[in-house]
Amino acid sequence: MSKRIAICPGSFDPITNGHLDIIERAAAIFDEVIVAVLENSSKAPLFDVEERLTLIRDVTTHLPNVTADAFGGLLVEYAAKREAATIVRGLRAVSDFEYELQIASINKKLNEDVETLFMMTNSQYSFLSSSIVKEVAKYGASVNELVPQQVEAALRRKYETSRQP
Ligand code: PNS
């Protein structure tokens, strides 16, 4: 039987405990999970793609069937190239629904063989986003319950450097 491969796509700027929770749960269902970081996003990132990939790899070492990669262009084309039939996305709240429905619908139209699977985010992370984490870290407050320890250290380094005169 062919391997069941899933893609967890996103900006991951940076990866949070909410992302990690979804990745861990996907890793328990699929044979392989590819965490795919979007290159050339219109958003100006805090971490470059290589830094984001390094952080993802550092915090998923306990998951042997998870790898991290960068992609550009259309997600469904990348999924086909990697022979992944499923896109996994986390849903936090009703506010995520419209955007996610839009992405899932267009992806289905572009390639009907690629399915999108939604997982409800663990309620303890329902408020969590990379933007919120950056906002809190920027002002020097602790994000230790929101991101893995390696990410917290990377955020501290980033904002300490940017605070240097
Ligand atoms: O973490 P994000 O920023 O919510 O992730 C959005 C992402 C990367 C899943 C989405 O922007 C995407 O898939 N972009 C790739 C381009 C694409 O396929 N566009 C068509 C569907 S929006």
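Which residue in β2 is the bridge partner of isoleucine 7? The bridge partner of isoleucine 7 in that strand is isoleucine 34. The model is a predicted one, in which local features need pLDDT of at least 70 and side-chain atom pairs count only at pLDDT 80 or more, while totals for chains, interfaces and linings use all residues. Residues are numbered from 1 along each chain as its sequence is written, and side-chain values use heavy atoms, with hydrogens and water left out.

**The sheet**

Strands are DSSP runs of E with at least two residues, helices are runs of H or I with at least four, and both are numbered from the N terminus; two strands count as paired if DSSP finds at least two bridges between them. In general, strands of a sheet pair through backbone hydrogen bonds, either parallel or antiparallel. Here, five strands make up an open sheet with parallel pairing, and their order is β3-β2-β1-β4-β5. At the edges stand β3 (66-71) and β5 (115-120), each of which pairs on one side only. On average, neighbouring strands of this sheet are turned by 30 degrees against each other, direction ignored.

Helix α1 (residues 17-29) lies across β1, β2, β3, β4 (86-91) and β5, and it runs at about 125 degrees to β5. For such angles, axes are lines fitted to C-alpha atoms, for helices over the stretch in contact, and the angle between N-to-C directions runs from 0 to 180 degrees.

**Salt bridges**

Side chains of opposite charge can pair when their charged atoms come close. A salt bridge is defined as a side-chain nitrogen of Lys or Arg within 4 Å of a carboxyl oxygen of Asp or Glu, and a search of the whole structure finds 10 of them.

| Salt bridge | N to O distance |
|---|---|
| Lysine 134 and aspartate 13 | 2.9 Å |
| Arginine 82 and aspartate 69 | 2.9 Å |
| Arginine 89 and glutamate 100 | 2.8 Å |

The salt bridge of lysine 134 and aspartate 13 links distant parts of the chain, since lysine 134 is in helix α5 (residues 130-138) and aspartate 13 in the loop between β1 and α1, 121 residues apart. Buried means under 20% relative accessible area, exposed over 50%, and partly exposed in between, with a 1.4 Å probe and protein chains only. Lysine 134 is buried because its relative accessible area is 18%, and aspartate 13, at 6%, is buried too.

Aspartate 69 and arginine 82 form another salt bridge, which joins strand β3 to the loop between α3 and β4 across 13 residues. Aspartate 69 is partly exposed at 25% relative accessible area, and arginine 82 is partly exposed at 27%.

In the salt bridge between arginine 89 and glutamate 100, arginine 89 sits in strand β4 and glutamate 100 in helix α4 (residues 94-110), 11 residues apart. Glutamate 100 counts as buried, at 5% relative accessibility.

**Two further sites**

Glutamate 152 is found in helix α6 (residues 149-163) and counts as buried, at 15% relative accessibility. Leaving aside residues up to four places away in sequence, glutamate 152 touches Ser142, Val143, Asn144 and Val147, where contact means heavy atoms within 4.5 Å.

Leucine 74, in the loop between β3 and α3 (75-81), is partly exposed, with a relative accessible area of 40%.
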